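Hi,

Here is the structure I promised to pass on. Have a look at it first, and my notes follow below.

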Amino acid sequence: MSIFDDKYSNPEKNPISVKAVGSGRWQILRSVLQAILKRLADSTTVGLLPMMKAVGLGSVFGLVILLGYGLVETVNQGSYQVRQMIVTGKMDAKLVPGMWLQLFSDIVIWPKAETFFFATDETGSAHIDRAIEVRFNDGSLCDVSGTLRIILPDSEQQAIDLVTKYGYANYGDLEQKLILPVVRNALRLTANLMSARESYSEKRADYVFWAWDQIKDGIYETEEETRKVIDPVSGQEVTKTFKIIKKMADGSPAHQHNPLQELGITLTNFEVKLFDYTEKVREQIGTQQTALMAVATAMAKAQQAEQEALMEEAEGKAKVARAKYEEEQKKIRALVQAQERLEVAGLEKSRARVKAQERLEVAELDRKAAGETKQEEILLGQGEAERKRLVLQADGALKEKLEAYVKAQGFWASAYSQRQVPALVMGGPGAGDTDQNSTDFAQMMQLLVAKQMGLDLSVRKGPTRD
């Protein structure tokens, strides 16, 4: 429902809105009255007594209906009723479906929940404009259409306070005096925070969010800010004053008092269905969008060129980096190989040093061993020499001399036996004689050898005994 639909405020369209009179009861009462009037009109053809009976019965029946009309009322599903007692004026409410005593009191019917429409309706040939007109910060006008779900209080005291404390006579009065101003103020202030083109494009979601935030929590507190900006169409720097949302210390938006907070009314399902810009604004937005698209295209091309340049530069740097990396790797490999060779050389040097040390130690040991051997051989030689000296001193080396003498005699005797001249001469001068020369030679050799060896072949006479 909307404030323009007086379902809950016009007694002519809904008699039970002010007094709980059902349309069925009015129909019955009207039918009875019509029947009585018809009987009176036909009195010329009907006797007086039957006519009086009919009037009497109709009057009694009408009286019963009228009495019933003021005694009992029924609360239907989806609504509640607020009653004001006829004498005391006391207010009470019934929020659950069922019958209760009216007692000739005034009763107002309220819906438990209703949809608030701010939109343009086309009903047959009727055109009902319920949209809310807003003005953006660039002066552009727009009709905003949408819906909002309203849930009324669920306690008897809050239902009564709507009437007694806050002065809303019925639901239609509540819509017109409370809901509509809250929604209208939120939509108009939100429009003042942006341009028509922004609401059409990049800030459309912000518009809906900010409007709903203000409807449920209260209108924003705002402040002005002057800053230099680049005009999106001309590209020139201009100075503009903007309304911005004032922030709390924690960064959240600052809200004014929300009149719905203490009423027990809950708002849900807010929806903006249509932004109906004027023809001039649509043309302006179209022109701006075209210009922005051209600017965006140019910027995109410039960014693309810049990106390509950056990519080429990055690729060049990457190639240089790869080449540098490869050279560094070569250096590293060379260093590693050199280090390996150095380590190998060090190992080989260490091994050579160890081997040299071993050889040195072996040579030292050999030297020491040779010294020991030499000393041993010297000692042995000295001992043997001393032994031979002592032996020679003892017998003049008789044994060795004899052995040498025997060997010498053997050598020349062997040679003598193989001589080429005969030992005995036959048939000439000196026949029968032996080879005196040979004999002399043999004797001479014996004496020579004996002399060379210092061998005395004569037998010494020992001392005589007395």
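Asp 213 is buried, with a relative accessible area of 9% (buried means under 20%, exposed over 50%, partly exposed in between, with a 1.4 Å probe and protein chains only). Its side chain meets that of Lys 216 in a salt bridge at 3.6 Å, N to O (a salt bridge being a side-chain nitrogen of Lys or Arg within 4 Å of a carboxyl oxygen of Asp or Glu). Lys 216 is partly exposed, at 35% relative accessible area.

Residues are numbered from 1 along each chain as its sequence is written, and side-chain values use heavy atoms, leaving out hydrogens and water.

Back to α6, residues 204-217 (helices are DSSP runs of H or I with at least four residues, strands runs of E with at least two, numbered from the N terminus). Its 14 residues should span 20 Å at 1.5 Å a residue, and the end C-alpha atoms are 20 Å apart, so the two agree (the expected span is 1.5 Å times one less than the number of residues). Besides Asp 213, the buried residues of α6 include Tyr 207, Trp 210 and Ile 215. What do the buried residues of α6 pack against? The partners are β9 (132-135), β10 (141-151), α4 (171-191), β12 (237-245) and β13 (266-277). Just after α6, Gly 218 takes a positive phi of about 115 degrees.

Leaving aside neighbours within four places in sequence, Ser 145 is in contact with several residues, among them Phe 118, Ala 131, Glu 271 and Leu 274 (contact means heavy atoms within 4.5 Å). In β13 there is Asn 269, which is exposed at 59%. Its phi is near 50 degrees, a positive value in a residue other than glycine.

On charge pairs, the structure holds ten salt bridges. One of them joins Asp 92 and Arg 83 at 2.4 Å, N to O, and both of these residues are buried. Arg 197 and Glu 202 meet at 2.9 Å, N to O; Arg 197 is buried at 10%, whereas Glu 202 is partly exposed at 47%.

For the whole protein, there are nine helices and 13 strands, and 27% of the 466 residues count as buried. Of the contacts with a separation of 6 or more, 66% are between residues 24 or more positions apart.

Finally, confidence. The mean pLDDT is 77, and 70% of residues reach 70 or more (pLDDT is the predictor's confidence in each residue, from 0 to 100). It stays under 50 over residues 1-6 and again over residues 9-26. Where pLDDT is low, the predicted coordinates should not be read in detail.

Cheers

Key: Predicted model: local features only at pLDDT ≥ 70, side-chain atom pairs only at ≥ 80, totals over all residues.
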